[in-house]
Each structure stands twice: as structure tokens, then as C-alpha cells.
Amino acid sequence: MVVMQILHMNKGNGETSYAKNSIVQSNIISLGRRAVDEALKKLMLSNSDISSLGIADLGCSSGPNSLLSISNIVDTIQNVCLDLDRPVPELKVSLNDLPSNDFNYIFASLPEFYDRLKKRDDNNNDCLGFDRRGEGPCFISAVPGSFYGRLFPRQSLHFVHSSSSLHWLSQLSTIYKVPCGEVSKEDGVIITADLDNKGKIYLSKTSPKSVHKAYALQFQSDFLVFLRSRSEEVVPGGRMVLSLLGRSSLDPTTEESCYQWELLAQALMSMANEGIIEEEKIDAFNAPYYAASSEELKMVIEKEGSFLIDRLEVSPVNWEGGSVTEENYDILRSKPEALASGRRVAKTIRAVIEPMLEPTFGHNVMDELFERYAKIVGEYSYVSSPRYAIVNISLVKMG
């Protein structure tokens, strides 16, 4: 399975599409807004004579969220320039995702996006500089390709944003099972022996340490390549704000790290027990995902050496993307409410991972699988209050 081909959201605008089921990712973008605003303000204050800003949103996906981050960034730059009584610089915006992303949805959304900018411009005394023909200094382009590698010319970016993307791994080859006793090395990552993860599709309490190590090493290798690539592309003093699913514990098998995958494995195994799918296919599938701890992120950032950490915080959200506080975390809900929540969560997760599952398990079983998954999640939500851990990290390019 080639990750570049299967790592994309459900396309279009149908009931199972990412466009209709991406509220969690939207809430994660909102959660990182303070870090984005702070980083942009510091960037503008330290570059008083800047006339052109290179901006990239990495892993932009499609649907209503694809332009949400850029809209927020443009708003903030406009407001900062107004406060500083400075003209807004020319904005060169690049939207990046894998070639399999639904870029057509984004292109179709651009006229409405530019219309909103022009209306905002009219209300703010032409501070963005758009004329009546719609021309102005905000130029948006698409850059298909993996961000685990170079995407842009050297020192062409001033601000990089990425949300809900860096927890996806670049490849699965280091996670696949290898014959017992065999150890090899690929792209600098050790492939450990005897990766026996039967009945699971990700890390779990029962996964052997070799599986833990393989996942951790693959993430660390990927994140190191990401940082090295951006270090070439970002100007000295430039900023990056990254938001990803992670964990607050050193243990990679805590609920916040992996339980959404554990429950999906339960749904798959129930179908295998009934002969609907083959258990061997479950054993062979490993999710290209890793929820890193803040300690792992710091270690890789320090190893790469080009960026300083300006802010790093971990925030909990529930499985529907809502904020979690000590006051509302353990609120009891009725059984019907929990089951309804399970259906919403299942639709959100289906929109993201169905394209990954179909090549292995087939398109025809997806409806049945996610019906079972929705019920399992609902039952679990009735007795527990599951949550994700969102890591927001703000970095500054040294030099």
C-alpha cells in the first residue's frame, strides 16, 4: 500500500465526504488560532520593511477547512498592519497537500474566498489593496506533494502553518511484519524484528515493544525530514505553527493516543469472526499514524537544530472536537445521546480513513463497518469521556 495514494480524505460533497464531516478539524484550527496570531504579530514586528510575505499551509486538505486557516492568517496580518499603521504586504499563499487531494474543491471555492476579501477590503479603506477587477496582493496557488521533502525554493517562506496533518506517517514499510529474527535498515530507520500485532491496526496495550519502536522511529524520521526541508525554505526569523494529534503521556497506548483505532479494530474483528472479512487482512493492516508526545517533538526539533520553540502546549478536546475542561469532562449523558455521539464520531473518522481502508478490506464492507463502529463508539462514550490531545507548537527559524 502506497501512502501517497491512499492518504486523502473522502472527496466531494456527499454524506460521507470530508467536506460534510470535518468539524473536529475546524475546531482544532480554532484551538491553534491564538498561537497563529501571536506568531504573525511577532513576525510583522520584527520585519518592519517587509513588502512581500511567503505563506504556506501544509496539509490543507479540501472542504470548508481548506481556506479557513488562510482566511484567519489574512485577517490577522490585516489587523496587525492596521494597528501598526503599515500597508499590508503582498501575500503569496501556497496550499499544499498530496497529489490525491481534492484540489478541485479548493479551486471552486476560491472565487467566493476572493469576494470575501474584497468586501472586507471595501470595509477597511482598501487596506488589502484590491481593485474593482478583483486584483490585489493576495495570490493563492496549489503545491501538490509530500511535505516530507522539499516543496519550495530556498528562503521563500516567512510563515508556515499545518493543522491535523503531521500525525500521518510518510510510509508503512517500516511498520509491516518481518520474519522473526530479521533486522534491516531503510532510509535510516531500523526495521525491528517480529512485528506481531495480530488483531490490531495500530498500537495497543497488547502490541509488542517492537511495534512501539517501529512506529516511534518512523515518526521521528518523518518529522526530522519535515524540519530539514522547512529549514531550507523558511527565511531566518520566519515562523511555523504546527497543530497535530499527539499525547500528554509518555505511554503511546493511552486512550488519548490510540483508542479510536482500538475500537475500529474491534469492529473489524467482529466482522472477521462472522466471516465477512478475512482476519489476515486485519493483521496485515497498520494505520499510517502516530500520536507523538511533546518530549518526542522537542527531541527531534533539538536534533535538527534550525528552529527554536516559542510555544508548546497540549490541549484536550473530545472526540467531536469540543473543548474539555475539568468541569465538563465527566458530565454524564443519556444512552441515546451517547449513541448519537457515536454516529457523529464514526462519520468524522470515516471521512478521513475510509480511503485507507478500502484497498485492504474493499468498498462493499464500508457501510457495515462504520455502522458497527458507530455503535461501539456510542457504547464506549456512554461509560467514558474519550478525548484527543492536540499539540500546538510555535517555532522560530534561527539565523
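## Contacts, ring pairs and a cavity in a predicted model

Glu-233 touches Gly-149, Arg-150, Leu-151, Phe-152, Pro-153, Arg-154, Gln-155, Ser-156 and Leu-157, leaving aside residues up to four places away in sequence. The model discussed here is predicted. Glu-233 belongs to helix H6. Its relative accessibility is 0%, so Glu-233 counts as buried, the limit being under 20%. One of its contacts, Gln-155, is 78 residues away in sequence, yet the two C-alpha atoms are 4.4 Å apart in space.

Phe-152, one of the residues touched by Glu-233, is also touched by Ser-94. Ser-94 is part of strand S2, which covers residues 90–97. With a relative accessible area of 11%, Ser-94 is buried, because the limit is under 20%. Beyond residues up to four places away in sequence, the contacts of Ser-94 are Ile-55, Ala-56, Asp-57, Ser-141, Val-143 and Phe-152.

### Aromatic rings

The count of aromatic pairs comes to 18.

| Ring pair | Centre to centre | Angle between planes |
|---|---|---|
| Phe-147 and Phe-226 | 5.5 Å | 85° |
| Trp-168 and Tyr-289 | 5.5 Å | 65° |

The pair of Phe-147 and Phe-226 links distant parts of the chain, 79 residues apart. Phe-147 is in the loop between strand S3 (138–144) and strand S4 (157–163), while Phe-226 is in helix H6, residues 209–233. Both of these Phe residues are buried. The pair of Trp-168 and Tyr-289 also links distant parts of the chain, here 121 residues apart. Trp-168 is in the loop between S4 and strand S5 (184–186), and Tyr-289 is in the loop between helix H8 (279–284) and strand S8 (292–293). Trp-168 and Tyr-289 are buried as well.

Phe-147 and Phe-226 also belong to a cluster linked by ring pairs, together with Tyr-148, Phe-219, Phe-223 and Tyr-290. Over the face of Phe-226 lies Arg-230, at 5.0 Å from the ring centre. Elsewhere in the chain, Lys-335 lies over the face of Tyr-382, at 5.3 Å from the ring centre.

### Helix H11

Helix H11 runs over residues 366–383 and has 18 residues. The buried residues of H11 are Met-366, Leu-369, Phe-370, Arg-372, Tyr-373, Ala-374, Val-377, Gly-378, Tyr-380 and Ser-381. An α-helix has 3.6 residues a turn, so residues three or four places apart point the same way. Among the elements that cover the buried residues of H11 are helix H7 (255–273) and helix H10 (335–361).

A search of the whole structure finds one cavity of 30 Å³ or more. The largest cavity holds about 60 Å³ of space. Its lining consists of Ile-29, Gly-32, Arg-33, Val-36, Ser-69, Asn-72, Ile-73, His-161 and Ser-243. Helix H3 (33–45) and helix H4 (68–84) each supply at least two residues of this lining. H4 gives the most, with three residues.

Notes
Residues numbered from 1 in each chain as written. Predicted model: local features only at pLDDT ≥ 70, side-chain atom pairs only at ≥ 80, totals over all residues. Heavy atoms only, no water. Helix = DSSP H or I, 4+ residues; strand = E, 2+ residues; numbered from the N terminus. Expected span 1.5 Å × (residues − 1). Buried < 20%, exposed > 50% of the residue type's maximum accessible area, 1.4 Å probe, protein only. Contact = heavy atoms within 4.5 Å. Phe/Tyr/Trp six-rings, centres within 6.5 Å; stacked < 30°, edge-to-face > 60°. Lys NZ or Arg CZ within 6 Å of the ring centre and 35° of its normal. 1 Å grid on protein atoms, 1.4 Å probe; cavity = no way out; pocket = protein on both sides within 12 Å on 5 of 7 lines; lining within 4 Å. Points joined across faces, edges and corners; volume = space filled by probe spheres on them.
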